[in-house]
Amino acid sequence: MRRTIIRKITWGGMALALSVAACSTYRERPIYYPVEVPPPKPQHADRRAWTPVPKPEPRRTAPLARRLATKPRARYAPLRGVTIVVDAGHGGRDPGAAGVGPMPEEYVNLNVALHLARSLRARGAEVIMTRNSDRFISLDDRAAIADRTRADLFVSIHADAARRSSATGATIYIARNASRDSRRAARHIETAMNRAGVGCRGIRRAGFRVLVGHSRPAVLVECGFLTNPVEARRLGSPWYQARMAAIIAQGITNHFGR
Ligand SMILES: [Zn+2]
């Protein structure tokens, strides 16, 4: 009996000693609490960096003619060796068609023509513009440039007007006795317009001086109607002018078939 009591006490003592030891080792472990470090207070010298940076002055854009005059590098040059006269209709004292849009015809023509000239140059073509600013040039002078430069194609850029404001779409004109090359170029431009989803009213024949006053292949593109409010707004916007020029350039590239 006595022995069993002593044994129990001994076992109890050992268990107590073990639990104390366990507790003490547990307490010795460091406990990491998540600590929020407060952000350092800005010193006097740092305050400069905290002041808002003033907005940069808006860059002045050069006029379109100057921006597009830089000769682009022609890596892919399907039009190398091809001479094209790009004719922006009207200009100077001849403002062209009166429309309902924000931009008169002479400027629409000039902007599309400038974009077209750049696109064609980018594909390696030799491009001559009848005008690259707002100035008057007679129809005979324009036609003479086609003959003088022995152009492979003369492209005249215009925008249309009609009594009915509902009239829409681009139109491609060729001379009544148009050469095979003129007809083919017109067809390629028409196809490019249809592919791009631009409404095209087709190819028509006319006796415009810029088409019949010289001996070179020629087409005249009416890019849309300035008397239709929707088309007038589109034709006055830079992106649409660039797009129209890109479509015509694609048609011309396909025509020369390289
Ligand atoms: Zn016109």
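Let me start with one side chain position, Leu235. If we set aside neighbours within four places in sequence, Leu235 contacts Gly101, Met103, Val108, Ala159, Cys223, Gly224, Leu226 and Tyr240. Bear in mind that this is a predicted model. Leu235 sits in helix α8. Is Leu235 buried or exposed? Leu235 counts as buried, because 27 other C-beta atoms lie within 10 Å and the cut-off is 20 or more. One more pair for this position: Leu235 and Glu105 are 130 residues apart in sequence, yet their C-alpha atoms are 9.1 Å apart in space.

Some background on the whole protein. The protein has nine helices and six strands. Of its 258 residues, 38% count as buried. Among contacts with a separation of 6 or more, 81% are between residues 24 or more positions apart.

Now to helix α4, residues 105–122. Its 18 residues reach 26 Å from first C-alpha to last, close to the 26 Å expected at 1.5 Å a residue. How many of the residues of α4 are buried? The count is 17 of 18, and α4 is mostly covered. After α4 comes Gly124, with a positive phi near 95°.

The partner I want to show for α4 is helix α9, residues 238–256. The two pack at an angle of about 45°, and their axes are 8 Å apart. That angle makes α4 oblique to α9. The crossing of α4 and α9 is right-handed. Which residues meet there? From α4 there are Val108, Asn111, Val112, His115, Leu116, Ser119 and Leu120. From α9 there are Gln241, Ala242, Met244, Ala245, Ala246, Ile248, Ala249 and Ile252. By type, the residues of this contact are eleven nonpolar, four polar and no charged. As a reminder, an α-helix has 3.6 residues a turn, so residues three or four places apart point the same way. Val108, by the way, is on the α4 side of this contact and is also one of the contacts of Leu235.

Staying with α9, the 19 residues should span 27 Å at 1.5 Å a residue, and the end C-alpha atoms are 27 Å apart, which agrees. The buried residues of α9 are Gln241, Met244, Ala245, Ile247, Ile248, Ala249, Gly251, Ile252, Thr253, His255 and Phe256. What covers them? The cover includes β1, α4, β3, α6 and β6. Gly257 follows α9, and its phi is positive, near 60°.

That brings in α6, residues 180–196. α6 has 17 residues and reaches 24 Å between its first and last C-alpha, close to the 24 Å expected at 1.5 Å a residue. Buried in α6 are Ser182, Ala185, Ala186, His188, Ile189, Glu190, Ala192 and Met193. Their cover includes β3, β4, β5, β6 and α9. Gly197 follows α6, with a positive phi near 80°.

Last, a loop position. Where is Asn228? Asn228 lies in the loop between β6 (218–225) and α8 (229–235). Asn228 counts as buried because it has 23 C-beta neighbours inside 10 Å. Not counting residues up to four places away in sequence, Asn228 touches Ser165, Ser166, Ala167 and Thr168. Asn228 and Ala162 are 66 residues apart in sequence and 8.4 Å apart in space, C-alpha to C-alpha.

Technical notes
Residues are numbered from 1 along each chain as its sequence is written. This is a predicted model: local features need pLDDT of at least 70, side-chain atom pairs count only at pLDDT 80 or more; totals for chains, interfaces and linings use all residues. Helices (H or I, at least four residues) and strands (E, at least two) are DSSP runs, numbered from the N terminus. The expected span of a helix is 1.5 Å times one less than its number of residues. A residue is buried if 20 or more other C-beta atoms lie within 10 Å of its own, exposed if 12 or fewer, and partly exposed in between; C-beta atoms are placed from the backbone. Two residues are in contact if their C-beta atoms, placed from the backbone, lie within 7 Å. Axes are lines fitted to C-alpha atoms, for helices over the stretch in contact, and angles run from 0 to 180 degrees between N-to-C directions. Angles under 35 degrees count as roughly parallel, over 145 as roughly antiparallel, 65 to 115 as roughly perpendicular and the rest as oblique. A crossing is left-handed if the near helix is turned anticlockwise from the far one by less than a right angle, and right-handed if clockwise. Ala, Val, Leu, Ile, Met, Phe, Trp, Tyr, Cys and Pro count as nonpolar, Asp, Glu, Lys and Arg as charged, and the others, Gly among them, as polar.
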